[in-house]
Amino acid sequence: IRTLLKQIMDYSIRYDVIQPEKIVILNYIDLSSSIPVKSVSREVFSDDEINRLWRMDDDMSRIILFMIYTGLRAGEYCNMEIEDNVIHIREAKTAAGIRDVPLSDKARKLAHLPLYNDYYDMKYYFTTWRKENGFSHTLHDTRHTCVSRLTNAGVDERIIQKIVGHKGKNVTEKVYTHIDLEIMRKALNKI
């Protein structure tokens with residue numbers, strides 16, 4: 001909201017809707033205290049929870065495991081294509097999200113899962129499943145779990161960024177670092 005109001009203010013000044021000296025009058029509005037910010041807490045799946053998921057015999061527990069071992073977002077899961085043990089992501093939240101992700105050994109065991117055509121259908125099914133099975137996680141916690149486990153396994157940050165589709169920190173990493181699928185597969189097999 002603050003960004004939108006700033007853009008409106010800048011536009012208003014640029015096109016003489018409001019005079020710059022009148023801005024002092026408008027600075028008394030403090031949005032930070034008047035609008036509560038909804039914070040989402042992320043919690044990684046514990047080893048015990050992951051072992052419990054492996055013992056469960058249902059599609060949603062296998063989908064959750066698949067997402068933990070691939071780092072996919074829920075929307076990416078819904079739109080993924082798998083060919084020759086490689087996940088192809090062609091629609092993503094960001095340009096960096098368009099990528100190929102190799103299937104690790106564990107993910108390969110789970111690769112023949114039902115796909116959801118719609119993120120909201122998947123989220124609804126997950127929410128129902130979560131309540132029935134006593135989990136408090138969100139779907140996005142699978143992604144945090146993947147990154148945390150890769151980091152704890154000592155995987156290079158550039159490889160993690162490539163696996164999960166995050167932008168590199170600078171042009172060298174983004175443009176000049178090329179990481180092949182086999183290196184990413186070895187990294188994913190560490191978790």
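**Close-up 1. W129 and F135, two buried aromatic residues.** In this predicted model, both W129 and F135 are buried, where buried means under 20% relative accessible area, exposed means over 50% and partly exposed lies in between, with a 1.4 Å probe and protein chains only. W129 and F135 form a stacked aromatic pair, with 5.1 Å centre to centre and 15° between the planes. Rings of Phe, Tyr and Trp (its six-membered ring) count as a pair if their centres lie within 6.5 Å, and planes under 30 degrees apart are called stacked, those over 60 edge-to-face and the rest tilted. Ring pairs also join F45, F126, W129 and F135 into a cluster.

**Close-up 2. The aromatic pair of F66 and Y77.** Seven aromatic pairs are found when the whole structure is searched. F66 and Y77 form an edge-to-face pair, 5.9 Å centre to centre and with 75° between the planes. Because F66 lies in helix α5 (residues 59-68) and Y77 in helix α6 (residues 74-79), the pair ties together parts that are 11 residues apart in sequence. Helices (H or I, at least four residues) and strands (E, at least two) are DSSP runs, numbered from the N terminus. Both F66 and Y77 are buried.

**Close-up 3. E91 in its loop.** E91 is found in the loop between β2 (86-89) and β3 (99-102). With a relative accessible area of 52%, E91 is exposed.

**Notes on the model.** Residues are numbered from 1 along each chain as its sequence is written. The model is predicted, so local features need pLDDT of at least 70, side-chain atom pairs count only at pLDDT 80 or more, and totals for chains, interfaces and linings use all residues, while side-chain values use heavy atoms, with hydrogens and water left out.
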